[in-house]
Structures are given as C-alpha cells and as structure tokens.
Amino acid sequence: LDLHALRVDDTIHLLYLLLDVSGSMAGPALERLKATVLELLRSIPPRPDVRVAVRAFNGRIGPLWGSVRSGYGPAVRSGLIGAVTGLVGSGTTALFAAVNRALDDLHRVPEGNCMPMTYLVVLSDGEDNEGTSRSYAGLSGDEAVAARMGDWRDAGVLRYLPIAYGRRSK
C-alpha cells in the first residue's frame with residue numbers, strides 16, 4: 001500500500017478507538033475510560049458516511065468491533081456499547097502490538113486510491129511492557145509507536161490522538 005498515493009476523502013470519516021484494558025488500567029481509570037467511550041458512542045449520530053471501530057488490548061489484542069468499511073448504524077452502535085460495557089482490566093500492556101494491529105486493519109480500508117479521513121485514538125496509561133519488534137529495538141514503546149506511525153501521519157492519511165488515563169497519566 002503506497003500511503004503517499006492515497007487521496008483522503010474527507011466526506012467519509014473513520015474513528016478507530018484502541019482501548020487499554022491492562023491491569024494498570026483496572027479500577028477507576030478503566031471506569032472513566034468506559035464512561036468516556038460510551039458517551040462518545042452515544043453522541044455520534046447513525047450515518048452511512050461515518051465508520052466506528054473499537055479494539056481493546058492488554059497483553060493480547062482483542063477482536064475488532066464495529067466496522068472500518070461500513071457506516072455507523074443502530075446495530076453497530078448497540079454492539080459497540082455492549083462490548084465496551086463488558087470490558088474488564090487485567091494483564092500486561094501490548095501498546096505497540098495494538099497500534100500495529102490497528103495499522104494492519106487500516107491497510108484494508110482504502111477503496112481504490114481513496115481513504116476516509118481517519119482518526120486513530122489510543123486511550124491508555126501509555127506504558128508498553130510487552131516490548132516491540134526487533135525492527136524497533138532500542139526504542140522505548142512510545143518512540144517505537146511514533147516511528148511506526150510516521151508514514152501514515154506524513155502521508156496525511158491518519159490523525160493519531162493518544163490520550164492518557166490511569167495512575168501514570170499527567
């Protein structure tokens with residue numbers, strides 16, 4: 001996929017939420033995260049030109065809920081609300097692996113050379129303790145994520161919004 005050859009279609013918007021449900025997020029931080037995401041999901045009107053996808057992660061990457069390729073309708077909203085409501089915190093934090101999975105999902109989004117205006121929102125306490133791939137050896141988790149995201153941001157295809165929650169957030 002040649003990211004620099006993609007044309008961004010700003011008449012279609014994709015919101016992709018990555019939610020940290022690791023043990024460090026358990027308790028009040030996760031409850032705040034869930035309340036925030038639920039409020040957001042309820043505030044987005046059902047529209048065919050809006051796509052919403054959610055993936056939770058801890059030491060493992062969870063399933064993708066919602067859709068990166070079709071509109072945000074009542075059934076998608078209801079499914080996402082149910083999935084987010086049921087989240088519990090446990091385990092380690094595979095932040096780098098979760099961002100990688102999200103970028104892999106986004107590789108499947110373009111239709112021809114057209115990509116919706118895409119927002120990748122990561123809600124996490126920001127500490128990757130699962131490590132990164134050998135390609136990014138020597139970089140911290142945050143540095144590896146920034147390096148991995150570079151091509152997407154440089155091409156103007158993706159807006160990346162990290163949001164910190166939890167004990168270590170400032």
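At 9% relative accessibility, Lys 34 counts as buried (buried is under 20% relative accessible area, exposed over 50%, partly exposed in between, with a 1.4 Å probe and protein chains only). This is a predicted model, in which local features need pLDDT of at least 70 and side-chain atom pairs count only at pLDDT 80 or more, while totals for chains, interfaces and linings use all residues. Residues are numbered from 1 along each chain as its sequence is written, and side-chain values use heavy atoms, with hydrogens and water left out.

Lys 34 sits in helix 1. Helices (H or I, at least four residues) and strands (E, at least two) are DSSP runs, numbered from the N terminus. Neighbours within four places in sequence aside, Lys 34 is in contact (heavy atoms within 4.5 Å) with Val 84, Thr 85 and Leu 87.

Val 84 is one of the buried residues of helix 2; the others are Arg 77, Leu 80, Ile 81 and Ala 83. They cover an arc of only 165° around the axis, which puts them on the same side of helix 2. The arc is that of the directions from the helix axis to the C-beta atoms. Pro 74 and Ala 75 are exposed on the other side of helix 2.

What is the span of helix 2? Its 12 residues (74-85) should span 16 Å at 1.5 Å a residue, and the end C-alpha atoms are 16 Å apart, which agrees. The expected span is 1.5 Å times one less than the number of residues.

The cover over the buried residues of helix 2 includes these elements:

| Element | Residues |
|---|---|
| Strand 1 | 7-20 |
| Helix 1 | 28-43 |
| Strand 2 | 50-57 |
| Strand 3 | 61-66 |

Strands 2 and 3 pair in the antiparallel sense over 4 bridges; pairing needs at least two DSSP bridges. They form a hairpin with 3 residues between them. Ala 53 stands opposite Gly 66 in strand 3.

Gly 73 lies in the loop between strand 3 and helix 2. Gly 73 is buried, with a relative accessible area of 18%. Its C-alpha atom is separated by 8.2 Å from that of Pro 45, 28 residues apart along the chain.
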